[in-house]
Structure formats: C-alpha cells, structure tokens
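Open the structure in your viewer and keep the selection tool at hand. The stops below say what to select and what is there.

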Amino acid sequence: MAVQQLRRAVPGGIGAYARGLLTGLAQASEAGETTDITLYASRPRRRGAGEEPTRCHDSVTPSWGRACPVPS
Amino acid sequence: MTRAWDHGWLGPVPGFDIIHSVSLAAPPARARRGERTVVTVHDLSWRRYPEGSTPRGRRWHEAALARARDSAAALVVTSNLVAVDLRAQGVAADRITIVHGGSDHVVAADTVRTDTVLDQLGVHGEFLLTVGTLEPRKNIGRLISAYGLARPTLPEPWPMVIVGPDGWGPALRDRGSQAGVIFAGEVADPVLSGLYRRARAFAYVPLTEGYGLPPLEAMRFGTPTVVSAEVPSVHDLEQSGVPPARIVNAMSVEDIAVGLVAVATDDVIRADLSARGESYARARTWRAAAQAHIDLWGSLA
C-alpha cells in the first residue's frame with residue numbers, strides 16, 4: 001500500500017482514511033485474514049512527532065524513505 | 001514522495017502482487033511484470049467545483065487521474081457519487097469498487113484536555129462545532145454567515161467553534177471578529193473527540209465532497225448534525241431512507257441557518273438525529289472496509 005499523507009493531521013483527510021483502513025486490516029488479520037502488506041510512505045519527520053500509525057499493526061511492514069525493499 | 005513519483009525520480013515499486021495507492025498519488029506501474037495496481041479515488045472535486053482548487057492543483061489531479069484511469073486494474077471509490085463521476089470519465093463500471101469508510105477510528109475523548117482547550121478559547125458552556133481545512137471548498141465562509149443569521153434566534157448566544165488547519169483562499173480568520181465565531185486551529189485527536197462529544201450540534205456544509213468523515217465522527221458521538229446535500233457519507237446518490245442528519249443547501253446561507261437552529265434547538269429533531277446518527281455511524285466500520293479491500297485484492301491476484 002502506498003500512502004501519501006499518512007501522518008497529515010487534516011480532519012477527515014487521506015491520512016485519516018488510511019489510518020482507519022490500516023486499523024480494519026489489523027482487525028482482519030486478528031480474525032485470521034492473512035494478508036501480507038508492506039506500507040510505503042514517507043518516513044516520520046522526527047521522533048515523538050505523534051502516534052506512529054503502524055505501531056499496532058503486526059500484519060503491516062512499514063517501509064520508509066527512498067528505496068522500497070524487495071521482499072525475499 | 002509524490003513529486004518523486006511524478007518526475008520519475010522513484011521508479012516502479014518492485015516485488016509485489018498488487019500495489020494499492022490510497023490516493024491519486026501513486027507510484028508508476030510496471031504492468032508487463034504482472035503487477036497490478038489499484039488506486040483509491042476520493043473525489044473529482046476539482047472538476048465538480050474548479051474554483052475550489054488552484055490551477056496547479058487541477059493540472060496535477062487531471063494528470064494523476066489520467067494515469068490511474070489508463071493503468072490501474074481497479075479503482076476504489078468511497079461513494080456512488082464518485083463512481084458516477086468516474087463512469088462519466090469513461091471508466092467501465094466493472095473496474096470500480098465502492099468501499100465506504102468507517103467511523104471507528106475515532107479515539108476516546110480526553111475530557112480534561114478538552115476542558116482546557118475550551119477554557120483557553122473562552123467557551124464556558126454550549127457551543128456549535130464545525131471541522132475542516134480553511135479552504136473554499138469547505139464553504140466555511142458561508143457557514144459563518146449562516147451562523148450570523150442563526151445566532152440571534154438561539155436561546156443563548158452559543159459560539160461557533162471552527163477546528164482545522166489553515167488552507168488557502170480568502171482569509172477566513174478575519175471573520176473571527178464576528179460575534180461568537182472562534183477559530184481553534186488544529187487540535188489533538190483526543191481533544192477533537194471531546195469537542196464532538198461536547199458540542200450541542202455539528203455542522204459540515206462543503207460545496208462538494210467525495211465522502212466526508214467528520215460528520216460520521218460527530219454522529220458516532222450522538223451529536224445532532226447538519227450537512228450539505230453534497231456529503232455522500234451521510235446522503236449518497238441512490239441511497240434510500242431518511243438521512244441521519246439534517247440536509248441543507250450548501251449555496252443557501254438562509255437554509256444553512258435554518259438547519260443550524262433546528263438541530264441546535266428543536267428537542268424532537270435533536271433526539272431523533274442523535275439516535276439515528278449514532279446508529280448509522282456505528283454501522284460504518286473499517287473492518288468492513290478492510291474486508292472489501294481484501295476481497296478486491298484476492299480477485300485481482
């Protein structure tokens with residue numbers, strides 16, 4: 001999943017939509033729907049900038065920055 | 001990242017079965033290797049309301065939409081309204097999947113921080129609330145004018161609290177000198193939840209919208225809500241039944257004012273909208289949205 005504006009704090013914006021969808025995908029994973037997802041987004045700007053949206057989602061592998069890794 | 005994709009500084013993303021971009025900002029596709037791309041199109045607002053976008057923004061959205069239309073295996077939209085717009089652009093109906101957004105992303109209200117913020121704003125009782133970036137499409141200027149009409153007819157001069165970051169367009173903060181209008185700027189999510197819960201009524205009257213999460217968020221807290229007819233999260237095309245919010249004409253200051261007064265003062269309307277709105281919002285879940293995505297990806301893999 002490529003997510004622009006993941007951390008942008010605009011009420012009702014794309015970031016809110018993406019974070020909601022990630023939450024739903026995490027719930028689906030807990031219910032046995034195994035979907036391996038790599039999240040491709042801009043890296044956090046700084047430490048402590050806010051709640052990390054992917055922290056609680058075990059089914060999502062974050063990938064920040066310029067290069068997107070090739071899964072093994 | 002978006003600019004890097006647009007200019008080709010970042011190439012196709014290798015090694016995946018499906019690449020799903022949750023907005024028109026999408027990496028380039030590499031279809032010959034069998035990778036499938038999916039793009040979520042949240043709205044075509046730059047076409048429905050061109051004055052609501054900058055010329056540069058319109059050019060970017062047109063180019064990005066053309067790329068998605070020509071290369072994506074599937075397009076996800078959040079409403080029938082956007083599906084109709086895409087079909088009008090020549091996208092076949094079987095390439096479009098409608099997935100409604102949820103409301104269960106809202107965090108618990110922090111009542112202590114909310115009280116602190118309200119105290120700092122000088123709000124010590126009931127208030128009306130709206131949320132949105134300060135930009136022309138959100139129609140906040142017309143909402144402020146409507147509030148000016150409504151305020152003298154309210155039982156008390158309840159203020160209108162406006163939450164959201166600065167965007168672009170006519171300087172709305174100048175309107176903060178209008179009696180009762182309070183700009184709160186950006187607030188933390190737990191405070192926003194607290195404001196939703198505490199507000200006497202919530203108003204959201206954009207000129208056009210692809211979906212509209214904020215009214216769902218407010219309704220989830222049982223707050224009586226007034227929205228413009230252009231908010232498909234509440235009142236979509238081809239949607240039957242009585243809307244769970246008061247629907248008003250976004251272009252009519254008078255109609256918005258009447259709607260504001262009704263949801264703020266009429267106890268029968270308030271009780272009805274509070275109950276039906278909360279039920280409606282709680283039925284929209286991100287688990288259901290995720291399942292729809294998983295099903296779509298499975299059909300493409």
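Select residues 14–30 of chain A, which form helix H1. This is a predicted model. H1(A) has 17 residues and reaches 24 Å from its first C-alpha to its last, close to the 24 Å expected at 1.5 Å a residue. Just after H1(A), pick A:Gly32, which takes a positive phi of about 100°.

Next, go to chain B and select helix H8 (residues 213–220) together with helix H10 (residues 267–283). The two pack with their axes 7 Å apart, at an angle of about 120°. Angles of 65 to 115 degrees count as roughly perpendicular and those over 145 as roughly antiparallel, so H8(B) is oblique to H10(B). The crossing of H8(B) over H10(B) is left-handed.

Which residues meet where H8(B) and H10(B) touch? From H8(B), show B:Leu216, B:Met219 and B:Arg220.

Last, display both chains. Here 39 residues of chain B are in contact with 29 residues of chain A. On the chain B side, the elements that give two or more residues are strand S1 (18–21), H8 and helix H11 (286–300). Select H11(B) to see the largest share of that side, eight residues. The side of chain B that touches chain A is made up of 21 nonpolar, 16 polar and two charged residues.

Definitions and conventions: Residues numbered from 1 in each chain as written. Chains lettered and ligands numbered in written order. Predicted model: local features only at pLDDT ≥ 70, side-chain atom pairs only at ≥ 80, totals over all residues. Helix = DSSP H or I, 4+ residues; strand = E, 2+ residues; numbered from the N terminus. Expected span 1.5 Å × (residues − 1). Axes fitted to C-alpha atoms, helices over the stretch in contact; angles between N-to-C directions. Parallel < 35°, antiparallel > 145°, perpendicular 65-115°, else oblique. Left-handed = near helix turned anticlockwise from the far one by under 90°. Contact = placed C-beta atoms within 7 Å. Nonpolar A, V, L, I, M, F, W, Y, C, P; charged D, E, K, R; others polar.
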